[in-house]
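Student: I would like to learn how to read the features of a protein model one at a time. Could you take me through them with the coordinates in view?

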Amino acid sequence: MFFYLTFIASGSLGGLIATTQLISSLTNPARSSEVPDILTGLGIDIGAVSIFAFLYFRENTAKNAQLARLSREESLSNLKLRVNQNKIISVSSLRGIARLVICSGPASFILESFKLSEPFTESLLERGVLVVPFATDGNSPSLDFDESEDMKEITEKRKRLWQLAPVYVSEWTEWLDEQKKLAGISPESSVYLSLRLDGRVRGSGVGFPPWNALVAQLPPVKGLWSGLLDGMDGRVL
């Protein structure tokens, strides 16, 4: 970016000098033969300034976007989660351990997301996925777990998948509203965000989380591919 500014300054100075020479040549008939060469030089200077200004603007935009992402992720890492009645942790505590999927919407949206995730429960847990349900309408969704003896094992896994709960609702609301604003979507929209193992946002969208796509795209965190593919969570948004 420093060199872009240097080239812009150099081109601008050259253009200023060429403009002065052009004015002098146009007002002096004896120098009229110099006009084509001066115009050529002026065109080169204007072209160079335009190109390097575009490159600088593009680089600056990318830098600002990167800073915005880092700020967003730092704020997210400081948000709190309740694991159980006696334990509260920050999102950053789960880096390298879990891939969080944040479901944000009214209680009815949370309940439907809960139901849609049921067929993928074991596969999601194998991939380190844990869900953070955040009800935006102030109602606490009542997640219905099958407590029958036959379903005991799967129920335990369902509870583990959906065990986390946001703490300090106002901070979560502020963070999610800011993400919706940046994405240009309505504050009332029901959304999901999926995080990588390193805590960075890898996917987001309006509507229900694509449980089947998460199972298809994410490698297991245990077994043959453990460690080798832990970082293969997709590009950062």
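Tutor: We shall go through sheets, a hairpin, a cavity and aromatic rings in turn. This is a predicted model, in which local features need pLDDT of at least 70 and side-chain atom pairs count only at pLDDT 80 or more, while totals for chains, interfaces and linings use all residues. Residues are numbered from 1 along each chain as its sequence is written, and side-chain values use heavy atoms, with hydrogens and water left out.

Student: In what order do the strands of the open sheet with mixed pairing lie?

Tutor: Helices (H or I, at least four residues) and strands (E, at least two) are DSSP runs, numbered from the N terminus, and two strands pair if DSSP finds at least two bridges between them. Here, 4 strands make an open sheet with mixed pairing in the order S4-S3-S6-S7. S4 and S7 are the edge strands, each pairing on one side only. Neighbouring strands of this sheet are turned by 15° against each other on average, direction ignored; for such angles, axes are lines fitted to C-alpha atoms (for helices over the stretch in contact), and angles run from 0 to 180 degrees between N-to-C directions.

Student: How many bridges join S6 to strand S7?

Tutor: There are 5 bridges between S6 and strand S7 (residues 201-206), and the two run antiparallel; Leu195, for example, has Val201 as its bridge partner in S7. S6 also pairs with strand S3 (residues 99-105) in the antiparallel sense, over 4 bridges, and there Ser104 has Val191 of S6 as its bridge partner. S6 and S7 form a hairpin with 5 residues between them, and Gly199 in the turn has a positive phi of about 90°.

Student: How many residues of strand S6 are buried?

Tutor: Buried means under 20% relative accessible area, exposed over 50%, and partly exposed in between (1.4 Å probe, protein chains only). In strand S6 (residues 191-195), 5 of its 5 residues are buried, and the strand is mostly covered. Val191, Leu193 and Leu195 point one way, Tyr192 and Ser194 the other way, and all are buried. In strand S7 lies Gly203, which counts as buried because its relative accessible area is 11%. Gly203 and Tyr192 are 11 residues apart in sequence, and their C-alpha atoms are 8.2 Å apart in space.

Student: Which residues line the largest cavity?

Tutor: On a 1 Å grid over the protein atoms alone, a cavity is a set of points where a 1.4 Å probe fits but cannot get out, and lining residues have an atom within 4 Å of a point. Grid points are joined across faces, edges and corners, and a volume is the space filled by probe spheres set on the points. The structure holds 1 cavity of 30 Å³ or more, and the largest cavity has a volume of about 40 Å³. Its lining residues are Val91, Leu94, Arg95, Ala98, Leu100, Leu195, Arg196, Leu197 and Gly199.

Student: What is the order of the open sheet of 3 strands?

Tutor: The order is S2-S1-S5, with antiparallel pairing, and the edge strands are strand S2 (87-90) and strand S5 (165-167), each pairing on one side only. Strand S1 (residues 80-84) is joined to S2 by 4 bridges, and Lys80 has Ser90 in S2 as its bridge partner.

Student: How many aromatic pairs does the structure hold?

Tutor: Rings of Phe, Tyr and Trp (its six-membered ring) pair if their centres lie within 6.5 Å; planes under 30 degrees apart count as stacked, over 60 as edge-to-face and the rest as tilted. The structure holds 9 aromatic pairs. Phe114 and Phe145 form an edge-to-face pair, with 5.3 Å centre to centre and 85° between the planes. This pair links distant parts of the chain, 31 residues apart, with Phe114 in helix H3 (residues 107-117) and Phe145 in the loop between strand S4 (129-135) and helix H5 (152-161). Phe114 counts as buried because its relative accessibility is 6%.

Student: Which residue lies over the face of Phe114?

Tutor: A charge sits over a ring if NZ of Lys or CZ of Arg is within 6 Å of the ring centre and within 35 degrees of the ring normal. Arg158 lies over the face of Phe114, at 4.2 Å from the ring centre, and Lys159 lies over the face of Phe145, at 5.9 Å from the ring centre.

Conventions
1 Å grid on protein atoms, 1.4 Å probe; cavity = no way out; pocket = protein on both sides within 12 Å on 5 of 7 lines; lining within 4 Å.
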